[in-house]
Amino acid sequence: MPLPAHPDRLVLRRPDDWHLHLRDGPALAAVLPATAKTFGRAIVMPNLRPPVVTVGAAGAYRARILAALPPGARFEPLMTLYLTDHTAADEIARARASGFVVAAKVYPAGATTNSDSGVTSLDRAEPAIAAIEKHGLVLSLHGEVTDADVDIYDRERVFIDRSLARLVRDHPALRIVVEHITTREAAQFVEAAGANVAATITPQHLLWSRNAMLVGGVRPHLYCLPILKREAHRRALVAAATSGNPKFFLGTDSAPHARHAKEHACGCAGCYSAPLALELYAEAFEDAGALDRLEGFASLHGARFYGLAPHEERVTLVREPWTVPAEYAYGAETIVPLRAGETVRWRLAAG
Ligand code: NCD
Ligand code: ZN
Ligand code: ZN
């Protein structure tokens, strides 16, 4: 039976989060339950201090995540390696053999939070990238240039023109995820590329343009990288996410930073969405008249791209508006989620 346009309940296979920051220590313990409540698996980003550059470090981080899970939680962290100019091909082979590392991440040096040790050029990382292609790992990309003369709003588009197009051409068998795409150009590039190229899309880039962040006052909790773009780009992303095209899938990029680090003269980049991420995606899909496409985006496409089986278990969203807390505890500090103090129209049923 086709889904009504505005159902009161929505049942979907348990979703996965294909781009997530969990941090470490008390911060990890504070944010992990929110993700584990909703998502069955997540690709855990490696931009810790120091970054996760070896399989040994990824294994130790994975063990800390498992140890921080609430009792009874069934959640599988899928680990990523942080690529540097010096990542050896052997490390990639070891990553593949580990079974728990599924991707390697390129942060252009200086592009975003904890990216100082990232790659200074894709050419320098070529031995590792060739090994990723050979061993069938996934290359995960923060797709922005860092050149001082490129405007922050153009950095993704310029990355596509200068770097991504060549990377895709030179590595026809390389599986690439362009993370957190924010522009029409990125959506078009991914759509036109082969089946080996896919993209994640965050809830904030589906719901808000830069006006939401800047009109009437600056809202630091909406500041993330790549930065929110103009409305035409938001619409292109909604069209891509709701198209049913399996190249586009859910990746929250939930990126926790303490309140004081966001509400600061030089605030950190990253939106905290874990406690309400699926609910926010449901709003975006409903507003686009595409709730029937949410399950593909949230629970099927990413698993297929990573070569994993979707979950058999189901989760239920109910139309039951609730007020998002103004803040959550975050170790000794607090953290402000997206939509803090505002209403969200969907709620995940306890399961
Ligand atoms: C992320 C973070 O805080 O780790 N921040 C962000 O604005 N997205 C890093 C990233 O994914 O680029
Ligand atoms: Zn990023
Ligand atoms: Zn991220």
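What is the site of the zinc ion (ligand 3) like, given the angles among its four donor atoms? With angles of 94 to 135°, the site is irregular. Four donors count as tetrahedral if all angles lie between 85 and 135 degrees, four count as square planar and six as octahedral if opposite donors are over 155 degrees apart and all others between 65 and 115, and anything else is irregular.

## About the model

This is a predicted model, in which local features need pLDDT of at least 70 and side-chain atom pairs count only at pLDDT 80 or more, while totals for chains, interfaces and linings use all residues. Residues are numbered from 1 along each chain as its sequence is written, chains are lettered from A and ligands numbered from 1 in the order in which they are written, and side-chain values use heavy atoms, with hydrogens and water left out.

## The zinc site

Let us meet the residues around the metal. His19 (NE2), His21 (NE2) and Asp253 (OD) coordinate the zinc ion (ligand 3) at 1.9 to 2.0 Å. Donors here are N, O and S atoms within 2.8 Å of the metal (3.2 Å for Na, K and Ca), and sites may look incomplete since water is not among the atoms. Along the chain, the donors of this zinc ion (ligand 3) follow the spacing H-x1-H-x231-D. His21 sits in the loop between β2 (17-20) and α1 (25-38) and Asp253 in the loop between β9 (248-250) and α10 (259-262), so the pair ties together parts that are 232 residues apart in sequence. Helices (H or I, at least four residues) and strands (E, at least two) are DSSP runs, numbered from the N terminus.

The zinc ion (ligand 2) lies 3.8 Å from the zinc ion (ligand 3). His21 counts as buried at 7% relative accessibility, and Asp253 counts as buried at 4%. Buried means under 20% relative accessible area, exposed over 50%, and partly exposed in between (1.4 Å probe, protein chains only).

## Backbone features

Asp253 also has a positive phi of about 55° although it is not a glycine. His180, another residue other than glycine, has a positive phi near 35°. His180 is found in the loop between β7 (175-178) and α6 (184-192), and is buried, with a relative accessible area of 2%.

One joins Arg49 and Pro50, with omega about -10°, and Pro50 belongs to the loop between β3 (41-44) and α2 (55-68). The other runs from Leu225 to Pro226, with omega near -10°; Pro226 is in the loop between α8 (210-214) and α9 (231-241).

## The nonpolar cores

The largest nonpolar core has 100 residues, and Leu83, Leu164 and Leu294 have the most contacts inside it. Helix α11 (residues 277-287) gives this core its largest share, seven residues. Another core, of 15 residues, lies apart from it and includes Ile43, Met45, Ala198 and Phe305. A nonpolar core is a set of buried Ala, Val, Leu, Ile, Met, Phe, Trp, Tyr and Cys residues joined through side-chain atoms within 4.5 Å.

## Helix α4

In helix α4 (residues 126-135), Ala128, Ile129, Ala131 and Ile132 are buried. Seen down the axis of α4, the buried residues fall within an arc of 160°, so they line one face of the helix. The arc is that of the directions from the helix axis to the C-beta atoms. These buried residues pack against α3 (89-98), β5 (101-106), β6 (138-141) and α5 (155-170), where contact means heavy atoms within 4.5 Å. Just after α4, Gly136 takes a positive phi of about 75°.
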